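User: I'm new to reading protein structures. Could you walk me through the charged pairs in this one?

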Amino acid sequence: MNRWMYRAQVKPGKQQLLQEALRDVQESWKEALVKKGAETCSIFAFEHSLFIYVEAAFDSKDWSWPEEVHQWLEPWPDLAEEHTYQVFMPNVFYDGTVSEAQICRQQRESIERIGSIAVLKPDMVSSYVFYHYQMQEEMPGSFNQSYCIGLHGALLFSYYELPAIKGASRVGKLATNHTPSNWHDVMARHFTTGQASEKSVWTKLDIWFAY
């Protein structure tokens, strides 16, 4: 089972039509996704962008939209000079493995799914990835096993579920102990909106589709 994250663009002025289309196809598309091997899927919206989180058996290139939704999306040129309607966001951090996240989901009586975005300073992207890999492998399962972060350029998309469940069944790949104790102070320097601002660096997204 894989954990995939994507970003898509809605045609100008078509957000409401796309949201209505998602509502109309929710049950039939859910059934199609399950048959395709997707155990859970959440789609979030912010302005003209969509952010997708899915746990699935299929390859990252095999994501597709129902025609009712596809018609309201902007094509996104990929490196092969062909049009696609979503861009893959590589994972740069996870607190728990996919199997751990699935076990946690079964243990919850109810689930709140949270999607958020944040923007890094372009020259701090590599530093952000470094610190998060270090934390991931030094302190697995330290705060929420469902938490993960995807990256597109300098844009971050985070996904997690509440209530949070800690603990890990795996041993991290690093035997070091260098994760900063002042984590939030160190992280604040990486964002376009930093510690000096009262505004959170993360913007919570509206959820438009989930199962």
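User: Is Glu 112 buried, exposed or partly exposed?

Analyst: Buried means under 20% relative accessible area, exposed over 50%, and partly exposed in between (1.4 Å probe, protein chains only). Glu 112, at 40% relative accessibility, counts as partly exposed. A note on the source: this is a predicted model, where local features need pLDDT of at least 70, side-chain atom pairs count only at pLDDT 80 or more, and totals for chains, interfaces and linings use all residues. Residues are numbered from 1 along each chain as its sequence is written, and side-chain values use heavy atoms, leaving out hydrogens and water.

User: How many salt bridges does the structure hold?

Analyst: A salt bridge is a side-chain nitrogen of Lys or Arg within 4 Å of a carboxyl oxygen of Asp or Glu. The structure holds six. In one of them, Glu 112 meets Lys 204 at 3.8 Å, N to O. Lys 204 lies in strand β11 (residues 203-204) and Glu 112 in strand β8, so this pair ties together parts 92 residues apart in sequence. Lys 204 is exposed, at 54%.

User: Where do Glu 31 and Lys 35 lie?

Analyst: Helices (H or I, at least four residues) and strands (E, at least two) are DSSP runs, numbered from the N terminus. Both residues lie in helix α1 (residues 15-36), four residues apart, about one turn of the helix.

User: Are Arg 108 and Glu 161 buried or exposed?

Analyst: Both are buried. They form a salt bridge, with closest N and O atoms 3.1 Å apart. Arg 108 and Glu 161 also belong to a salt-bridge network with Glu 55 and Arg 105.
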